Amino acid sequence: KGNNAGIGAVFGVDATGAVFFNRAVPGSSCQDAQTKGDLQPGDVLYTVDGEPVYRAPLNVIANKLLGQNGTYCNLVFRRGDGEVPLKLERRLTDKKAAQNAVNLAKESSGVSRIRFP
């Protein structure tokens, strides 16, 4: 297959359909960005590689984010009135850690529409 590496983001969907960053999977490029303060929970995903994904279905977003291990994708998140451009590496992450991050996101938000692409 070869296209199953991702950026390690666990997303949520708000009442308007906007997809937002909830938490990072350990060892992912999203975790690196969050640690540096570049990515914050609540940041709304706006574009992936120049293509608008605002309010897109999670499966569409997942298809754009998943790819070959070691490749990069360019994302733009919105935070308030500002834009946060990030270049994130696709990495293979531990499936157990990913599922744990999803479960923690669900517990902390009380939202069941959370998915790790």
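Analyst: Gladly. A residue counts as buried when its relative accessible area is under 20%, as exposed when that area is over 50%, and as partly exposed in between. Please keep in mind that this is a predicted model.

User: What makes the contact between Arg90 and Leu65 a polar contact?

Analyst: A polar atom of the Arg90 side chain lies 2.7 Å from the backbone oxygen of Leu65.

User: Why do the side chains of Asp49 and Arg90 count as a salt bridge?

Analyst: Their N to O distance is 4.0 Å, and the rule asks for a side-chain nitrogen of Lys or Arg within 4 Å of a carboxyl oxygen of Asp or Glu. The pair links distant parts of the chain, 41 residues apart, with Asp49 in the loop between β3 and β4 (51–52). Asp49 is partly exposed at 38%, whereas Arg90 is buried.

User: How many salt bridges does the structure hold?

Analyst: There are six. One of them joins the side chains of Arg79 and Asp43 at 2.7 Å, N to O. Arg79 lies in strand β5 and Asp43 in the loop between α1 and β3, so this pair ties together parts that are 36 residues apart in sequence. With 30% relative accessible area, Arg79 is partly exposed, while Asp43, at 1%, counts as buried.

User: What about Glu51 and Lys64: which distance makes them a salt bridge?

Analyst: Their side chains meet at 2.6 Å, N to O, and the limit is 4 Å. Glu51 lies in strand β4 and Lys64 in helix α2, so the pair ties together parts that are 13 residues apart in sequence. Glu51, at 40%, counts as partly exposed, and Lys64, at 25%, is also partly exposed.

User: Why is the aromatic pair of Tyr46 and Tyr54 described as tilted?

Analyst: The ring centres are 5.5 Å apart, with 40° between the planes. Centres must lie within 6.5 Å to pair; planes under 30 degrees apart would be stacked and over 60 edge-to-face, so the rest count as tilted. The 40° angle therefore makes this pair tilted. Tyr46 is partly exposed at 25%, and Tyr54 is partly exposed at 38%.

User: What sits over the ring of Tyr46?

Analyst: The charged end of Arg78 does, 3.7 Å from the ring centre; the distance limit is 6 Å. Lys87 lies over the face of Tyr72, at 5.1 Å from the ring centre.

User: Which residues touch the most other members of the largest nonpolar core?

Analyst: Of its 23 residues, these are Ile7, Phe11, Cys30, Leu45, Leu65, Leu75 and Phe77. Elements that each supply at least two residues of this core include β1 (9–13), α1 (29–35) and β5 (72–79). A second, separate core of seven residues includes Val10, Val25, Ala101 and Ala105.

Note on methods: Residues numbered from 1 in each chain as written. Predicted model: local features only at pLDDT ≥ 70, side-chain atom pairs only at ≥ 80, totals over all residues. Heavy atoms only, no water. Core = buried A, V, L, I, M, F, W, Y, C linked by side-chain atoms within 4.5 Å. Buried < 20%, exposed > 50% of the residue type's maximum accessible area, 1.4 Å probe, protein only. Helix = DSSP H or I, 4+ residues; strand = E, 2+ residues; numbered from the N terminus. Polar contact = N/O pair within 3.5 Å; in protein donor to acceptor, adjacent residues only side chain to side chain. Phe/Tyr/Trp six-rings, centres within 6.5 Å; stacked < 30°, edge-to-face > 60°. Lys NZ or Arg CZ within 6 Å of the ring centre and 35° of its normal.
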